[in-house]
Amino acid sequence: VALIDLLDRLLQGGVTIQGDITLSAAGVDLVELDLRVLVAAVDKAARR
Amino acid sequence: MTLLLYAIANGDHVVAPGISGLDDRPLHSVARGDLAAVVGECQAEPAATPDVLLRFEQAVEELMGDRTVLPARFGTVMADENAAAQLLISRRDQFADALQRVDGAVELGVRAGWPNGDSPPSRPSGPDAGAEYLLGRLDRRHRARRLADEVDAALGDLARESSCRILGRPESTVTAAYLVPRPQVEEFLARCRSLKDTIAGASLVCTGPWPPYSFVTREET
């Protein structure tokens with residue numbers, strides 16, 4: 001399983017305490033950007 | 001010590017012995033009315049490292065087994081069992097509706113794109129350079145849309161619901177999630193395999209079955 005698939009679901013989907021509404025900007029590139037930053041951060045952490 | 005939420009289930013859901021979560025801590029359910037929250041103890045808010053995320057996912061998949069659960073977003077922590085019970089009471093109708101919505105179904109993910117990269121927009125020069133560049137981008141967007149439509153035409157009828165996003169990355173331009181009733185899963189995967197051969201030049205990755213992460217929240221645009 002690619003990390004992106006896991007991150008996409010576990011951090012963007014699922015039930016939250018705050019509520020069931022997630023905001024998506026047009027094209028959802030913002031979410032994608034967030035994930036990419038996170039993937040990079042996780043990558044770095046793993047290499048340390 | 002706080003509680004990490006793994007899933008919401010129907011009230012009669014009993015966590016099978018041996019199912020453990022992060023740090024191998026056993027999971028248990030807190031029931032209120034016709035719902036149950038499956039939780040496990042954890043130290044503060046867990047860090048989202050790949051290993052930890054995989055462990056969480058594995059636990060939720062075990063909980064899913066042959067039943068219906070609503071997976072929790074990773075990192076949903078609560079102070080204690082009272083807080084878990086309060087969550088079930090205050091959101092009872094939403095959770096019950098969502099459980100019905102995903103009942104007997106799993107999520108399958110499809111990523112499609114152009115593995116060798118899409119043709120990058122050329123760098124035109126001259127007086128119309130800006131317009132040409134934008135038209136190039138628009139064209140790529142249209143190609144991505146057509147790819148998404150092709151994928152959906154081949155798989156959509158097997159799913160109860162679907163969601164699709166068009167992203168900027170050439171290698172996974174289209175990211176779709178399908179809510180598929182369990183009896184249709186094999187057929188869905190078989191069609192994915194044959195779809196790979198029919199879409200010229202495109203790559204297709206099918207993942208799952210996942211707990212229905214993409215179908216428990218309502219999206220507002």
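How many aromatic pairs does a search of the whole structure find over all chains? Hi everyone, let's start with that one. The search finds three. Please keep in mind as we go that this is a predicted model.

Let me show you two of these pairs. One is formed by B:Phe56 and B:Phe74, and the arrangement is edge-to-face, with 5.2 Å from centre to centre and 90 degrees between the planes. Now find where these residues sit. B:Phe56 belongs to helix α1 of chain B, residues 50-64, while B:Phe74 is in the loop between β4 (69-71) and β5 (77-78) of chain B, so the pair ties together parts that are 18 residues apart in sequence. Are these two buried or exposed? Both B:Phe56 and B:Phe74 are buried.

On to another pair, B:Tyr178 with B:Phe188. This one is tilted: the centres are 5.3 Å apart, with 55 degrees between the planes. Here B:Tyr178 comes from strand β8 of chain B and B:Phe188 from helix α5 of chain B, residues 185-198, so parts that are 10 residues apart in sequence are tied together by the pair. B:Tyr178 has a relative accessible area of 2%, and B:Phe188 is at 0%. The cut-off for buried is under 20%, so B:Tyr178 counts as buried, and so does B:Phe188.

Together with B:Phe56 and B:Phe74, B:Tyr6 forms one aromatic cluster.

Next, please turn to strand β6 of chain B, residues 105-113. How many of its nine residues are buried? Nine of the nine are, so β6(B) is largely enclosed by the rest of the structure. You can check this face by face.

Which strands does β6(B) pair with? One of them is β8(B), residues 174-181, in the antiparallel sense over eight bridges. There, B:Val106 has B:Val180 as its bridge partner. β6(B) also pairs with β9(B), residues 203-210, again antiparallel, over six bridges. In that pairing, B:Arg111 stands opposite B:Val205.

Finally, a quick word on chain A. Chain A has two helices and one strand, and from the N terminus on they run α-β-α. Of its 48 residues, 44% count as buried. The accessible surface of chain A comes to about 2,700 Å², and 60% of that belongs to carbon and sulfur atoms.

Note on methods: Residues are numbered from 1 along each chain as its sequence is written. Chains are lettered from A and ligands numbered from 1 in the order in which they are written. This is a predicted model: local features need pLDDT of at least 70, side-chain atom pairs count only at pLDDT 80 or more; totals for chains, interfaces and linings use all residues. Side-chain values use heavy atoms; hydrogens and water are left out. Buried means under 20% relative accessible area, exposed over 50%, partly exposed in between (1.4 Å probe, protein chains only). Helices (H or I, at least four residues) and strands (E, at least two) are DSSP runs, numbered from the N terminus. Two strands pair if DSSP finds at least two bridges between them. Rings of Phe, Tyr and Trp (its six-membered ring) pair if their centres lie within 6.5 Å; planes under 30 degrees apart count as stacked, over 60 as edge-to-face and the rest as tilted. Accessible areas come from the Shrake-Rupley method with a 1.4 Å probe; for residues, only the protein chains shown count as cover.
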